[in-house]
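Colleague: I have the model open. Can you walk me through a few spots?

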Number of protein chains: 2
Amino acid sequence: MASAYDTDLDKNPANHVPLSPLGFLERAAAVYPDRLSVVHGKTRFTWSQTYARCRRLASALKRRGIAKGDTVAIMAPNVPAMVEAHFGIPMTGAVMNALNYRLDAQTIAFILEHGEAKLLIADTEYSPVVKEALALLKRKIPVVDIVDAIGPGGERLSEIDYEAFLGEGDPDAAWEHPADEWQAIALNYTSGTTGNPKGVVYHHRGAYLNALGNILVWSLPSKPTYLWTLPLFHCNGWCFPWTLAALAGTNVCLRRVEAKAVFDAIADEGVTHLCGAPIVMGLLLNARPDQKRDFGGRRIKMMTAASAPPAAVIEGMERLGFDITHVYGLTEVYGPAVVCAWHEEWNALPPEERARIKARQGVRYPVLEGLMVADAATLKPVPADGKTIGEVFMRGNIVMKGYLKNRQATDEAFAGGWFRTGDLGVCHEDGYIELKDRSKDIIISGGENVSTIEIEGILYRHPAVLEAAVVARPDGKWGETPCAFVTLKEGTAATAEEIIAFCRENMAGFKVPRTVVFGPLAKTSTGKIRKYVLREKARAL
Amino acid sequence: MASAYDTDLDKNPANHVPLSPLGFLERAAAVYPDRLSVVHGKTRFTWSQTYARCRRLASALKRRGIAKGDTVAIMAPNVPAMVEAHFGIPMTGAVMNALNYRLDAQTIAFILEHGEAKLLIADTEYSPVVKEALALLKRKIPVVDIVDAIGPGGERLSEIDYEAFLGEGDPDAAWEHPADEWQAIALNYTSGTTGNPKGVVYHHRGAYLNALGNILVWSLPSKPTYLWTLPLFHCNGWCFPWTLAALAGTNVCLRRVEAKAVFDAIADEGVTHLCGAPIVMGLLLNARPDQKRDFGGRRIKMMTAASAPPAAVIEGMERLGFDITHVYGLTEVYGPAVVCAWHEEWNALPPEERARIKARQGVRYPVLEGLMVADAATLKPVPADGKTIGEVFMRGNIVMKGYLKNRQATDEAFAGGWFRTGDLGVCHEDGYIELKDRSKDIIISGGENVSTIEIEGILYRHPAVLEAAVVARPDGKWGETPCAFVTLKEGTAATAEEIIAFCRENMAGFKVPRTVVFGPLAKTSTGKIRKYVLREKARAL
């Protein structure tokens, strides 16, 4: 029998609206029209201006034929256009595909091809690689140049620049709230540990919820001033463009993350919050005295992910005036989805103990519904003993729709009703998880995921290379750098410098091995390379 | 043609979980098991205890046959059982129906009958009225007595008390996350100034979202200490039981809102936040010196709704150490849905100007998708001139499912794709709305619309006035004229002539009350002034 609660109480336009972060922008512009939304050098926009610029962008894209379900790619550093793209592109019903500007032309070409981008907005700083990528494509993609007065310049690839493009758009044109919150909003390619990168699809519902998730775990107040040290192309800047609109905060842009620029922004723009890989902390800690600035006793909040920051780093940052929050996530879960939620009583612990606790990845975001370390085959949770290693699984509304045009990978990722991260970890007695092996293959260098398999594939193309294996080597500055173990073919010769030069010609600079070790590779009885042995060797170098 | 984004990217258990505030409790217990969840006199529970008690409650209800779609009613002051009911009842799939403990037996009987309550949990303080209500019913409803050691006692109506009932339940029993976020979670009857009360149905999605909405508009940090001065039966305590679970905060219970108890709780329990009607502010402002306590310079955050607090009240509260946030809502929108979002630059304004601005109802919660003042017939928004009166309309995910078993009222409320509030207001140039009256409260005098709220605001500025309410009095010449009902402060005196003279100095002549009646004001159980009673009195004068 149907309950009375199921009768005549249906959804209707008055009581059900698809969740979307686009509404945050509309509200920020309506409530705080004159508050600073975006700061970029001497350029300053208010929320009413940003809203108008985003509507112009949407309108201009529509005039060029962009419609629901289309992909619009963008390759830019942390400039206003990147913030605006998070709203202007989905306002047309299209999907924003932010490109990692450190990728090589071949990978960019693959992504543009696979994602079926219908238009590319690109900063002229990257014109060389963009030009090369476009030449590799079978079809022509219209380009809009971002010509940034405070950028380094670069070749124009199009007759139209971003500002002129906005000029084509009507700031008063109607825009589309999604009809369904499951509609795609963004496409982000993983670096791809095996084979080609996979296109992770986000939906409006998840973007809305993780934008709020950031507020919840970080106790973000209304109207924060946020510094863009995290690349905006990274999981949509961990959803922070939407978070900042929800709070009517201020986006302080940074084209290049340099110590002086970060200190200046904090001191001069009143930055209250920033995110970034551990490399950013290193940068600030190692800054010269003349680069540092006094914040007048203010505490700055910093969120960091990836490898656990060592005690000395955390201590040093605290002395510098930064309170560190440690988060963990993946492209597949909209950026951070796990947080080392802090307990006040831990503040009384000695620094090393605090750092050890802070290094744990932690617990689920309130907007993630499930997190567990479990047996990879049975999905049975491991005992909460801090020792038993299992795979990390997640479940909830901030898990991706799936991989674009890759049913098999999607099915594998979701097998068992959980998203399997591929990361290995343990669960402590208090339920906090800790990663033990970020994953078998991945290297995190300067905050970027580097696939060892990809580097190996290129090494194998070198005429003198018989066998190659790449592992992470700990690095004070970059966190990790790729270290290559190479066996040469009989009768051939090559120096480390030659191998490195070869790599440099064939891959993005951040992927190039910093170290090359020659000799036979340790193998299992079945002939598999024992990477953990190589990792130990690399660590000892 | 279906886009690639619509292909093989479906919802599945890994990436889609119905939104529900119940998950907040599970997380608070997992992450902060030892943090205080509920304080009630000397009783103190932690989040792991509260989670266990809620699971016991759910399990005990299930053993008594309570299942999905059933209604469980509760009539209690702000005691731990009320907080627990917000989780334990919906954990069975049932719907929580909190009863207003100030209602008469006949109305309680109507609600129990109409809502089809299958079980009633009731504090013995209310046994007389509950017993009478149960006697009026055609069927028998099992009762669970709340026997509170710090309550005033009262007749037992059942062999089982709440603690023994929890004892029947298994704290480790599985509980039900809703299969659909549209599932009903709560049933709240409007006070119904005319005719029978209507049963407003809330769903899990809306409860989840407004729990977060409170955090957003109030910049609520993690782990606040919240004092229950607002009745928990009021729109589910404005969704704050769920908000506090999301933040692992502390619920400080209060059976009775008395000045000394409030000051003591703030000073002794470290209360940081509270909500309440303006009458609570009056209570604190008029407290005797020996009832007041020093908070050591801490600022306490208070959210208030209903009629706009007059300048003198806001100023007085600020001097007492309270920062006031003004919100507005209705039972139909989960409590507050509109907030007078503050601009820092307003802090520089003179106190009366600040109070005038703060008295406006404001802008939509970020989780409410639409708010407008519009023509009641055409739904065309009125000009944002601060003058043109229209009806207030709302739209979004924190609007009720509808009225239970009342298709006609539901259809009327949602006609035109918006929820029509029945409140009249204006929209200021900056988009902030300000209520001018309930549609049935407006006075039409000599063809002019007269806002009773405006007159009341001025009456409150008179030094001798404690409370004031203005209604229409039929008039042979003018149609209607304003009639003021006034309660004077203790130890003050004023004549009708003096009050009228004061009004004449402060408002247009046609708005000045022609009649002033002194004495206490008739109020509803929730503290709302019963204007229809005053209207009848005015008619009989």
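Colleague: Where is A:Pro33 found?

Modeller: A:Pro33 sits in the loop between helix H1 (22-31) and strand S1 (36-40) of chain A. Helices (H or I, at least four residues) and strands (E, at least two) are DSSP runs, numbered from the N terminus. Bear in mind that this is a predicted model: local features need pLDDT of at least 70, side-chain atom pairs count only at pLDDT 80 or more, and totals for chains, interfaces and linings use all residues. Residues are numbered from 1 along each chain as its sequence is written, while chains are lettered from A and ligands numbered from 1 in the order in which they are written.

Colleague: Is A:Pro33 exposed or only partly exposed?

Modeller: Partly exposed, because A:Pro33 has 17 other C-beta atoms within 10 Å. The cut-offs, with C-beta atoms placed from the backbone, are 20 or more other C-beta atoms within 10 Å for buried and 12 or fewer for exposed, with partly exposed in between.

Colleague: And what does A:Pro33 touch?

Modeller: Leaving out residues up to four places away in sequence, A:Pro33 touches A:Thr46, A:Trp47 and A:Ser48. Contact here is C-beta atoms, placed from the backbone, within 7 Å. The C-alpha atom of A:Pro33 is separated by 38 Å from that of A:Gly362, 329 residues apart along the chain.

Colleague: Zooming out, how many helices and strands does chain A have?

Modeller: Chain A has 17 helices and 25 strands, and buried residues make up 55% of its 541 residues. The C-alpha trace of chain A spans about 70 × 65 × 55 Å along its principal axes. Among contacts in chain A between residues at least 6 apart in sequence, 70% join residues at least 24 apart.

Colleague: What about the radius of gyration of chain A?

Modeller: Chain A has 24 Å, which agrees with the value near 24 Å for a compact globule with 541 residues. The radius is taken over C-alpha atoms, and the globule rule is 2.2 Å times the number of residues to the power 0.38.

Colleague: Switching to chain B: why is helix H15 called largely enclosed?

Modeller: Because 6 of the 8 residues of H15 (residues 452-459) of chain B are buried. They are B:Thr452, B:Ile455, B:Glu456, B:Gly457, B:Ile458 and B:Leu459.

Colleague: What covers the buried residues of H15(B)?

Modeller: The cover includes strands S20 (433-438), S21 (443-445), S23 (465-475) and S24 (479-488), plus helix H16 (496-506), in chain B.

Colleague: Which sheet is S20 of chain B in?

Modeller: An open, antiparallel sheet of 4 strands, in the order S16-S17-S19-S20. Strand S16 (368-374) and S20 of chain B are at the edges with a single partner strand each, so one side of each has no neighbour in the sheet. S19 (residues 419-427) of chain B is joined to S20(B) by 5 bridges; one of the bridge pairs is B:Leu424 with B:Asp437. Strands pair if DSSP finds at least two bridges between them.

Colleague: Last one: is B:Val512 buried or exposed?

Modeller: Buried, because B:Val512 has 22 C-beta neighbours inside 10 Å. B:Val512 lies in the loop between H16 and strand S25 (515-518) of chain B. Not counting residues up to four places away in sequence, B:Val512 touches B:Ile500, B:Cys503, B:Arg504 and B:Met507.

Notes:
Contact = placed C-beta atoms within 7 Å.
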